Structures are given as structure tokens and as C-alpha cells.
Amino acid sequence: MTRVLVVDDDPQLSRALRITLHAAGYDVATAADGRTALERTAEDHPDLVVLDLGLPDLDGTEVLAGLRPWFSGPVLVLSARADSQDKVGALDAGADDYVSKPFDMGELLARLRALLRRGSPEPEDPIVRTDHFTVDLPAKQVTVDGAVVRLTPTEWALLSELVRAPDRLVGQRQLLKTVWGPAYEKETHYLRVYMAQLRRKLEPDPAQPRYLHTESGMGYRFTP
């Protein structure tokens, strides 16, 4: 049974999450503050952590900083903060995804399933298929309706980062650092330009993307 640690100081929400996740087949433990969360993670070795940013003793980003040197499992952040920079900070600190409060329990469960799939071993020769295009990662080839589509090396690097993380939000800084290098972490306009190019080549309707989604101020998500 997959073990989930829920870290939230709201007892009603924590109880609701525990009941919902248990009903969905998860083994659930809870912690009401950051220090307890770090202790529980070390003792119980959960497969996934659901972490509220606003805790009474430590900020959620401080908990992430304490977890990431040794905890390799996915962390989904819960945030009631309206400022997107708080969410960006959490992603940069090591979160794998976020859900804004108030949230739909069905969406939360879907995000958890996506993160756990992400943590599963990747096949040796992954080929990612959608209804409109196919990405052959080993061959570094993309086809639309059976016809090969030519991508520039930068377009390919950006697309491959996204399709390797299906349903997961990939932060702007992570993409810029991986595709262009550490010196380009603030050049977000690069992403806008190249994502527009990819959509023109791959999306059935580039103006209303079905697969390559922008999450304003935070990053991008590939939905198969």
C-alpha cells in the first residue's frame, strides 16, 4: 500500500484528507507542523508527501529544504497563498506539483496518481503517444499523423523535458536551466517563444492547446 504523509495544521482538512486518501487505498499518516513532518518522514519513509506551505513553526519551503537532501519521493504542495511567487518558490525548493486551496478532492487524487506514475521506473525505450502526435524519445523523432516533424535542437530539448514528466508541472527555472543552462534561469521569454513554436508544429489548435499547457508565472505541463 502506498504511504502518504499529510502535513497540514488545519485539523478539519487534515481529517478530510486522511479519510479521502484512505478510501482511495492509501496508507495515511499526518503531521501538524514542520518539525513533526521531518521526523515522520525519517521514521515512516512515506512514498509521497502532501505539504501545506503555511505551517505554525516552519514555512513549507523550509520543510522542503530539510527534506530534499535525503528524501527522493514526490512532494505535492498545498497553498492558500494567492501570490504565484510563493508557489514558484516552493517548486524551486523541490516541490513536484501544487494544488491551490480550496481544491477539489478529485483533482488532488489525480495529481497524486500522476506524481506516483512519475516516480515509477521509466521504460528503456519510451515512446509517448497522443491522439495527434507521437514522440519517440530514443530516436529523437516526432511524428504528426505519421509524418516526421522537424524540430530544432532547442525545441526537441524543451519537448523532451515536458513529455518525460506527464501531467507534472515543470517549473520555468528548471526548464531554462536544463535546456539553456544556469545563466539563462531568468530568461522566461525564451520559453514563451519556443513553446509557441512547438504548439504551431504539434497542437491541432495552437491558440487553444490541448497537450502543452502554460501555468502563468510558474511553468508548463504536458498532458497526454
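Strand β1, residues 3-7, pairs with β2 in the parallel sense, over five bridges. Within this pairing, Leu-5 stands opposite Ala-29 of β2. Please keep in mind that the model is predicted.

Five strands form an open sheet with parallel pairing, and their order is β2-β1-β3-β4-β5. At the edges lie β2, residues 27-31, and β5, residues 97-100, each of which pairs on one side only. From one strand to the next, the twist averages 20°. In general, the strands of a sheet pair through backbone hydrogen bonds, either parallel or antiparallel.

A helix accompanies these strands. Helix α1, residues 11-23, lies across β1, β2 and β4, and runs at about 170° to β2.

I turn now to the aromatic rings. How many aromatic pairs does the structure hold? There are five. One of them joins Phe-133 and Tyr-211 edge-to-face, with 5.2 Å from centre to centre and 80° between the planes. This pair links distant parts of the chain, since Phe-133 belongs to strand β7 and Tyr-211 to the loop between α8 and β11, 78 residues apart. Is Phe-133 buried or exposed? Its relative accessible area is 2%, under the 20% cut-off, so Phe-133 is buried. Tyr-211 also counts as buried, because its relative accessibility is 2%.

A further pair consists of Trp-180 and Tyr-190. Their planes stand at 65° and their ring centres are 5.5 Å apart, so this pair is edge-to-face. Trp-180 sits in the loop between α7 and α8, whereas Tyr-190 is in helix α8. Trp-180 is buried at 18%, while Tyr-190, at 25%, counts as partly exposed. Together with Tyr-184 and Tyr-194, these two residues, Trp-180 and Tyr-190, form one aromatic cluster.

Technical notes
Residues numbered from 1 in each chain as written. Predicted model: local features only at pLDDT ≥ 70, side-chain atom pairs only at ≥ 80, totals over all residues. Heavy atoms only, no water. Pairing = 2+ DSSP bridges. Helix = DSSP H or I, 4+ residues; strand = E, 2+ residues; numbered from the N terminus. Axes fitted to C-alpha atoms, helices over the stretch in contact; angles between N-to-C directions. Contact = heavy atoms within 4.5 Å. Phe/Tyr/Trp six-rings, centres within 6.5 Å; stacked < 30°, edge-to-face > 60°. Buried < 20%, exposed > 50% of the residue type's maximum accessible area, 1.4 Å probe, protein only.
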